Number of protein chains: 2
Amino acid sequence: MRYELHYWPEIQGRGEFVRLALEDAGANYVDVARQPKGMALMMRLLEGRALARTPFAPPFLRAGKQVIAQTANILLFLGPRLGLVPKREADRLWVHQLQLTIADWLAEVHDTHHPISSGLYYEQQKSEAKRRAANFIAERLPKFLGCFENVLRRNPGGYLLGKRFCYADLSLFQMIAGLRYAYPRAMAKLERKHPLWVALHDRVASRPRIAAYLASKRRIPFNQQGIFRHYAELDPA
Amino acid sequence: MRYELHYWPEIQGRGEFVRLALEDAGANYVDVARQPKGMALMMRLLEGRALARTPFAPPFLRAGKQVIAQTANILLFLGPRLGLVPKREADRLWVHQLQLTIADWLAEVHDTHHPISSGLYYEQQKSEAKRRAANFIAERLPKFLGCFENVLRRNPGGYLLGKRFCYADLSLFQMIAGLRYAYPRAMAKLERKHPLWVALHDRVASRPRIAAYLASKRRIPFNQQGIFRHYAELDPA
């Protein structure tokens, strides 16, 4: 199966959680909107009448005749096919539950710099962003990171399921990498208290296919158009 | 199977999406935190060390030995067991995709009155709430409602899958009911242009078990502690 990933071509964004799974599995895929004329194709599928079951937004995945949207739903579909989740239904639901918690967390990261509207510039909501980011750093970031540290502590072995690797490990790696880019000061303080996810990050980064991917041009660098953005005033000392 | 639903006892909130599925199916369930000593039991599970796989937040469902959290994940689990989703994997993924879109939408509704922090009172973020709600009414609400109207138009039959009823229909009903409570003026304008989800709301409300549930004391009324809240200043004429 040759998978077609459809996502905005210039950011990591939500698409990156799918890219990491495809890359780790060595899957055959094309990142459509980064190919010539790919962006027009993606927009036609999104805005046109070709599909009875149209995605609300990118990312979406085309797998043969199926079109699947919502990041966590795409990973629910890909997990078994790429060998990135165990067979037992209870395990799959648990991994999906972790993925949905990551999705909520990611939406909160986005809203730290866009607390009023995605349709306005950061500069148009900067004062609100300062309040929201301060609350995120004080309350929400420690809660999410503490939750994942707990999961790693209660399921020893180095990954979220213990010794068995799964796609949620890739997503947790991405959250840590992104938060280090966006909130280096806040993260430096939190890392001292959370050795387990710090170690998980490095373990994932050194998986051979992930290491190769991160060193390649396929990995879009973090930038100020993505979900993880660094504004020094939102991450004070 | 006797299901145990764990959720905050005084609001509809996210738990209501699960309650509606259990009620429509006539399932055997107990709403734990609304029973004597139930709240303490829920908090012990949430904060204690009893579970290796602890939920991040309510709602969560106990089904025998399994504990499943995240609203959409609970519905993914219950759907096949309650006969609220077709058998085909492609259909189940599509219904789940709609449910995840509803989850995103619901989080945006919450943030209209709490754009800075859930830990602060509305009055402490009222000016930000006015900006965010105005943007929600102008941009986001029409986008979400237009999306679901499109799905109903492209899959004729009265429900999201066409003639086949599924749990996402119950959730869409709940969104419409909640938004009518919170944003009556904005909704009245949008309803004129969207006959299909208006009809879906009434179709769901008249399903015998749902009608009985809505008339019962089990249905907690909308109130100013829930996700759907009515503040007149956020819904101007």
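**Close-up views of a predicted two-chain model**

**Overall fold of chain A.** In this predicted model, chain A comprises 9 helices and 4 strands, where helices (H or I, at least four residues) and strands (E, at least two) are DSSP runs numbered from the N terminus. Along the sequence these elements follow the order β-α-β-α-β-β-α-α-α-α-α-α-α. The radius of gyration of chain A is 18 Å, close to the 18 Å that the globule rule gives for 237 residues, so the chain is as compact as a globular protein of that length; the radius is taken over C-alpha atoms, and the rule is 2.2 Å times the number of residues to the power 0.38. Residues are numbered from 1 along each chain as its sequence is written, and chains are lettered from A in the order in which they are written. Because the model is predicted, local features need pLDDT of at least 70, side-chain atom pairs count only at pLDDT 80 or more, and totals for chains, interfaces and linings use all residues.

The bond from A:P58 to A:P59 is cis, with omega near 5°, and A:P59 lies in the loop between α2 (38-47) and β3 (60-63) of chain A. In chain B, a cis peptide bond with omega of about 0° joins B:P58 and B:P59, the latter being in the loop between α2 (38-47) and β3 (60-63) of that chain.

**Positive phi at A:K37.** A:K37, a residue other than glycine, has a positive phi near 65° and sits in the loop between β2 (29-31) and α2 of chain A. A:K37 is exposed, with 9 other C-beta atoms within 10 Å (exposed means 12 or fewer such atoms, placed from the backbone, buried 20 or more, and partly exposed in between).
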